[in-house]
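Look at the sequence and the model below before reading on. The report then goes from the whole chain to single residues.

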Amino acid sequence: RKVRVTGVVRDEANAISLPGIPVEVVGGETVYTDVDGRYVVELAPGSYELKATMDGYEPRAVKVEVVAGTRPADVNFGLSMARFAETVTVVAEAVI
C-alpha cells in the first residue's frame with residue numbers, strides 16, 4: 001500500500017514558494033509543484049531520495065524513509081541561488 005508524501009519547494013532566501021518545480025523520485029517518477037509550491041507523490045514503503053531542481057538554483061536532495069501505515073512529515077525543500085564560479089576578465093586598451 002502506497003504512502004502519500006507531501007511538501008513545499010521555496011526560495012530559501014525570501015521564503016517564496018516556487019510553482020512548477022520538478023521534484024524527482026531518484027530512479028522513478030517526477031512530479032511538479034502546484035501554484036503554491038506544493039507537491040504530492042505516492043510511494044511504496046522503502047527508502048527514497050527526492051530531488052528538486054530549477055535553473056539558477058542549487059539542486060537539493062533529501063532522503064526519505066517511507067513506512068507502511070504512517071504518514072511522514074512534510075518533505076520541504078529550500079532552494080538557494082546558484083553561485084556562479086565563472087571569472088570574467090575584461091581587458092581594454094587605453095587610447096591616448
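Predicted model: local features only at pLDDT ≥ 70, side-chain atom pairs only at ≥ 80, totals over all residues.

Residues are numbered from 1 along each chain as its sequence is written, and side-chain values use heavy atoms, with hydrogens and water left out.

**The whole chain**

The protein chain has zero helices and seven strands; helices (H or I, at least four residues) and strands (E, at least two) are DSSP runs, numbered from the N terminus. From the N terminus on, the order of elements is β-β-β-β-β-β-β. The radius of gyration of the protein chain is 19 Å, well over the 12 Å that the globule rule gives for 96 residues, so the chain is more spread out than a compact globule. This radius is taken over C-alpha atoms, and the globule rule is 2.2 Å times the number of residues to the power 0.38. The C-alpha trace spans about 80 × 25 × 15 Å along its principal axes. Of the 96 residues, 29% count as buried (buried means under 20% relative accessible area, exposed over 50%, partly exposed in between, with a 1.4 Å probe and protein chains only).

**The nonpolar core**

The largest nonpolar core has 19 residues, and Val5, Val9, Val23, Tyr39, Leu50 and Phe77 have the most contacts inside it. Such a core is a set of buried Ala, Val, Leu, Ile, Met, Phe, Trp, Tyr and Cys residues joined through side-chain atoms within 4.5 Å.

| Strand | Residues |
|---|---|
| S1 | 3-11 |

**Two residues**

Thr6 lies in strand S1. Is Thr6 buried or exposed? Thr6 is buried, because its relative accessible area is 6%. Its side chain makes a polar contact with the side chain of Asp74 (2.6 Å). A polar contact is a pair of N or O atoms within 3.5 Å; within protein, one must be able to donate a hydrogen and the other to accept it, and residues adjacent in sequence count only if both atoms are side-chain atoms.

Ala15 is in the loop between S1 and S2. With a relative accessible area of 52%, Ala15 is exposed. Phi of Ala15 is near 60°, a positive value in a residue other than glycine.
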